[in-house]
Amino acid sequence: MTISNNQRRKMKSAARLYAVQALFQMEATGQTVDAIVREFEDHRFGARYEEGEMAEGDIDTFRLLMEKAVDQQAIIDQMTDRALVAKWPIARIDPTWRALFRAAGAELIDKQTPPKVVISEFVGVAEAFSHDGKEPKFVNAVLDHMAREAQPAAF
């Protein structure tokens, strides 16, 4: 079965969303990255719920984001801190946004995806978690700063 480019994009988008959820869950529960990755791959990818079917995620993208977000967390957190206002270090922000910045930072550091695509994709994830509509603008500004630091040649 061949996968269209459009379907592949949707699978990568789903993997990014799952990575944010998994990183959030990891921080909240203290579970290891291996346990969380296994749980997501076994129970979330393509699962059916009463609300409907979850999108099939791209497992390679999910694993890459999880691995890099964990292995490079200190670097990503420092990059995020520099992008945030001084009064709001990463430790003080909502755990959802912390997870999002770690997943996005992992993809920016990986440098396989153009930074504008990473920013756009994760702003889309932010819209899914947004409460008042202001968060996506905040996420966009922080990710733009992070992208310019991680991949200055792209700007």
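**Notebook: a first look at the fold**

I began with overall size: for 155 residues a compact globule would have a radius of gyration near 15 Å, and the protein has 15 Å, so the two agree. The radius is taken over C-alpha atoms, and the globule rule is 2.2 Å times the number of residues to the power 0.38.

A note to myself on the source: this is a predicted model, where local features need pLDDT of at least 70, side-chain atom pairs count only at pLDDT 80 or more, and totals for chains, interfaces and linings use all residues. Residues are numbered from 1 along each chain as its sequence is written, and side-chain values use heavy atoms, with hydrogens and water left out.

**Overall layout**

I boxed the C-alpha atoms along the principal axes and got roughly 45 × 35 × 30 Å. Next I listed the secondary structure, which comes to seven helices and two strands. Read from the N terminus, the order is α-α-β-β-α-α-α-α-α. Helices (H or I, at least four residues) and strands (E, at least two) are DSSP runs, numbered from the N terminus.

I then looked at contacts, meaning heavy atoms within 4.5 Å. Among those between residues at least 6 apart in sequence, 65% join residues at least 24 apart.

The accessible surface comes to about 8700 Å², and carbon and sulfur atoms hold 50% of that. These areas come from the Shrake-Rupley method with a 1.4 Å probe; for residues, only the protein chains shown count as cover.

**Helix H2**

I turned to H2, residues 33-43, where Ile36, Val37, Phe40 and Glu41 are buried. They span an arc of only 125° around the axis, so they sit on the same side of H2. That arc is the one of the directions from the helix axis to the C-beta atoms. I checked what covers these buried residues, and helix H1 (5-29) and helix H3 (59-71) are among the cover. On the face turned away from the buried side I found the exposed residues Asp34, Asp42 and His43.

**Valine 123**

My last stop was valine 123, in helix H6 (residues 115-129). Is valine 123 buried or exposed? Its relative accessibility is 13%, so valine 123 counts as buried. Leaving aside residues up to four places away in sequence, valine 123 touches Pro136, Val139 and Asn140. I also checked aspartate 110, 13 residues away along the chain: its C-alpha atom is separated from that of valine 123 by 18 Å.

How values were computed: Buried means under 20% relative accessible area, exposed over 50%, partly exposed in between (1.4 Å probe, protein chains only).
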